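Welcome! Take a moment to look over the model below, and then we will walk through some of its features together.

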Amino acid sequence: MEFPTALVLNAIVAGLLLGGFYAAVSVGISISFGMLDVVNIAHPAFIILGSYVAYSFNDRMGVDPIVVSIVLSPLFFAFGLLLYRIYYQCFEKRGQESLRGLAFFFGILFITEVVLVLVFGVDYRLVGTAYSSTTLHLGAVDFPLRLAVPFVVAVTMVVCVQLYLSRTFFGRAVLAVAQDQLALRLMGVNPIRVKEFAFALSIATAGVAGALLIVIQPVQPAIGREYIGLVFAVCVLGGMGSIWGTLLGALILGLAESFTSTFFGPSWAPAVSFGILLAALAFKPSGLLGR
Amino acid sequence: MAAPPEERPVSDALLRAAGVTKRFGGFTALDRVDLSVAPGERLGLIGPNGSGKSTLVNCLSGTLRNEEGSIHFGGHDLAGQPPHRRVRLGLARSFQIPKPFASMTVLDNLRVPLQYAARLHERLPPAHIVDEAMRVLRQVGLSNKAHAMSGGLTQVDMRKLELARAVATKPTLLISDEAMAGLSASETDDILALLLELKEQRVAVIMIEHVMRAVMKFSDRIVVLVAGRKIADGDPQTVVNNAEVVTAYLGQ
Amino acid sequence: MRNRTFAALAFLVAIAVIAASRFVSNDYFFSAAYTVLQFIILATAWNILGGYTGYVNFGSAAFFAVGAYTTVFLYKAAQPPLPVMIAAGTVVAGLLGLMVGYLTLRMRGVFFAIATLALAVVLYTFVLNWDYVGGARGAYILQPRLVPFGLPRYVHLLYAAMVLMAVLALVVARAIETSFIGRGLAAIRDDEVAAECAGVPTLRLKLFSATVSGALMGMAGTTFPYYLSYVEPSAAFNLSYAVNSIAMPLIGGMTSWLGPLIGAVLLGSVQQVVQVTVSSAWNLLIVGVLLVAFVTLAPNGIMGWIDAWRHRRRRGP
C-alpha cells in the first residue's frame, strides 16, 4: 500500500497549526494554575466569552474578530483583576483554596455558560473574515488561512508573554511570587498585587484566544467544557509554569489530535487530551520542561 | 565520645539511616547523611535554617522519598513504605507548623492516631480509645481543652497537640520538629518537660531545635547538619566546642 | 442513635412513604418526586467523596450516565429483572470510581477534580459513538406491561425503588460518617499529610470513598431509562446533574448526611417550580448563582447556620 504522504504531511501541518492555537488557549492556565496555584477551571468559559464578544462586534460592525479581541483585552484584564480580588478575599486568605475554590470556579464556569445560552442561544455561531476561505497550497500541503492566521497570532502572543515574564521586573516578580513571597515583600513588592496582575493577564489571554477560536471553528456555549481537559493536559505535559513547555505541550497535543482525527475520526479528539493528561500525570507529573 | 556509626553493633540501632540523599531539581538538600538512633536515646539535631533538617525528617517519615541511601527502622527496611506504614511500625513525627484536624475537637484529634496507628501495633481495644486519649491529653497538659475545637487553640497548645498526636501513635521513636520555635521561656520548659518524660516510656526522641539550652539539657548525643551534610555527631559538650560547628552555626 | 436503629427507622419511613403514595393520583407528584429522590441519592453520594473526604468530583453526570447506560445495555442484551439491573449499574459505576481514583487519587485533589471533568466529556463521546446502546439517536426502553406487586402503574414501582435507594444511600452515608472510617476520611479532608503521619492509610480510604461514591451515583441512574422510556446521551450526561450534586451538599452542609438531604429537597423543589414556570436555562442559572453565593458567603451551608444558631443558644445571652 502506498504510504499516504500527502495525508500525513497535512495531518502534521494541521496539527502544528492547531497546536499553536492550543498554546494560546493554555498559556493563561500556565500562569494561573502553573505559577499562581489558582485552579481556574472557568478559564475555558472565558475563552468562549471572548469568542462571543468577538462575534458580536463582527456581526454588528464587521470588524475583524482578532483585532476586536486585542483592542478589548484591557476589559478582560480588568475582569480578571476583579475576579482575583473576590477569589483572594473569600478563599485564598482563609486557606480554603482547595475544595471551595474549585467549587467557586466551577460555579463561575457554569454561570458563564448558562448566561451565554440565555443571551445567544445554543446555535453554533460562526465568523466570516477576509481570509476565512483562503487556503495556501505548498505542493501537496494545504495551509488554510483560517488556521494559519490564528497560529501566527497565537504564537506571537505566547512569545510576548514569555518575554514579558522573563525580561521585565514585574514579569520576573510573577515568576518569583510562586516560589518566595517573603523575598518579594522584602524587596518592596506586594505579592498580592503581583498575583492579581498575573491572573488578570491570564484572563486577557483568554479573551484573545476566544477570538482565535471562533475564526478556526464555529462556537457554542458548551464547547468550553471540552477544552478543560485540553488546557490542563497541555499545562501538565509542558511542566507547570513553563511557558515554553506550554508551547511544546500544545504542539504535541495538536499533532496527537490531528493524527487521531485524520486516521480515526474527529469525534475522538476529546479522548486524546484526556488520555495525554492521565498519562502525563501518571508518568511525569512535573512535565517535559517542568521544575 | 560515642563510637563512630560503622563501629557500633548494628543490632543496637533502632533507626539506621545510611547515605540518605535528597535532591530537588539541581539542589541537593541532603548529601549522604548517616544517622542512627539507639532505643530510648535522646538525640538533638541542630543546624542553620535550610540545612536540611526538615527534609531529613520528611525522608525518615516517608513524606518525601530519598533518591539514595537506606533507612532501616526496628530491623525493617523502610524503602517504598508510605508514611502510615512507618507510623504503624513505631516511627512518629510532629510538624514544625502545627497541622491540626481543624474540624475536630482536641480529643477527636487523638482518636485518629489511636485508632489507626496505636491500635494495630499495641492491640488497643476500641472501647479504651477515649480513655487512652484522655490519658495522653493529661500527659501533655491539654485535658481541660479536650472538647475545644482544635482549630482555635493558642500556639503552645497547638504544639502540645502536635506532640500528643505523635505520642498517641505509641511510637518507639518520636521526631519533634522545632516544637519550641517562637515560644516563651516557660512555654519552652513545658514542651521540654513533655519530651523528657518520654524517656520513662522508653521512647527514643530526635529533637530538632534552635533553642540551645533546651538541646543541651535534653540530648544524650547531638548531630549537626549544615548545607545538607552531617558535620558532627557525638557527645554534646564535644560537639558544641567543635570549631566547624561553631563557625557554621553556633557563632551566628 | 446506633446505625442499626437508624437503618430500621429509615426503612420504616420508606415503607410508609411508599404506601402513602398509593393514594396520590396526581401524576405530576411522581415526576417531581422521582427527580427530587434522584437528587437526594446523587447529593448524598457526591458528599461521601466531596464533603467527607475533601475531593471534588465534577463528573457526577458520568457516573449517573454509566448507571443509566448499564441498564440500557442489559435491556438490549437480556432484559433481566429490575433489581439485577440496579445492582449491575451500581457495581459498574463503583468500578469506574475505583479506576479513576486509582489513576488520579495519588496526586493532589485538583488533578482528581480535573480528571473527573475530562472523564465526563470522554465518556459522553464514547457513548455517542456506541450504536449498541443507541448512540446519538438514543434508545427506547419499554416499561413492562405487567407491573409487579400489584401496583397500578409502572411509575409507582420506579418511585418505590427510588425511595428505597434514597434510604439506602442515606443509611450508607451515615454509617460511614459515624464510623472510624468516617473519622479517617475527615482527617484526610482536614490535612492529608498529617493524616498519613497519624497512621491513616490515605490512599486506601480515598479509593474506598471514591468507589462507594461512584457506585451510589450510578445507582441513581439505573432506573432513569425506564422512567423516561427513552434515553439519549445528552439527557443522561446532563450538566444539571454535575452542578446539582455539588450545589446541594454545599447549600445543605457538607459535613453530615443531613446536609445533602436538606439541599436536595430544598433546591430540588425550587427547581421543579422554576422549571415549570420559567425555563430550564434560568433554572440552571439560579442553581449556579446559589452555588457561588453559598460557597463564598456561607460555606458551611444550612447545617452550618443551624449549628451556629445552636452554639449561640448554648452559650446564652
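In which kind of crossing does H1(A) pass H5(A)? The crossing is left-handed, a term used when the near helix is turned anticlockwise from the far one by less than a right angle, with right-handed meaning clockwise.

Before going further, a word on how to read this. The model is predicted, so local features need pLDDT of at least 70 and side-chain atom pairs count only at pLDDT 80 or more, while totals for chains, interfaces and linings use all residues. Residues are numbered from 1 along each chain as its sequence is written, and chains are lettered from A and ligands numbered from 1 in the order in which they are written.

**The helix pair**

H1(A) and helix H5 (residues 145-167) of chain A pack at an angle of about 45°, and their axes are 8 Å apart. Axes here are lines fitted to C-alpha atoms, for helices over the stretch in contact, and angles run from 0 to 180 degrees between N-to-C directions. The two helices are therefore oblique to each other; angles under 35 degrees count as roughly parallel, over 145 as roughly antiparallel, 65 to 115 as roughly perpendicular and the rest as oblique. Among the residues that make the contact are A:Leu17 and A:Phe21 of H1(A), together with A:Phe151 and A:Val158 of H5(A). Contact means that C-beta atoms, placed from the backbone, lie within 7 Å. By class, this contact has 16 nonpolar, one polar and no charged residues. Ala, Val, Leu, Ile, Met, Phe, Trp, Tyr, Cys and Pro count as nonpolar, Asp, Glu, Lys and Arg as charged, and the others, Gly among them, as polar.

**Chain A as a whole**

Chain A has 11 helices and two strands. Helices (H or I, at least four residues) and strands (E, at least two) are DSSP runs, numbered from the N terminus. The C-alpha trace of chain A spans about 65 × 45 × 35 Å along its principal axes. Of the 291 residues in chain A, 52% are buried, meaning that 20 or more other C-beta atoms lie within 10 Å of a residue's own; with 12 or fewer a residue is exposed, and in between it is partly exposed, the C-beta atoms being placed from the backbone.

**Where chains meet**

In chain A, 34 residues are in contact with 32 residues of chain C. H4(A) gives the largest share of the chain A side, 15 residues. Elsewhere, 18 residues of chain C are in contact with 23 residues of chain B. Here the largest share of the chain C side, six residues, comes from H7(C).

Most residues other than glycine have a negative phi.

| Residue | Phi | Loop between |
|---|---|---|
| B:Ala227 | about 50° | strand S9 (221-226) and strand S10 (229-234) of chain B |

Why does A:Asp37 count as partly exposed? A:Asp37 is partly exposed because 16 other C-beta atoms lie within 10 Å. B:Ala227 also counts as partly exposed, with 15 C-beta neighbours inside 10 Å.

Key: Contact = placed C-beta atoms within 7 Å.
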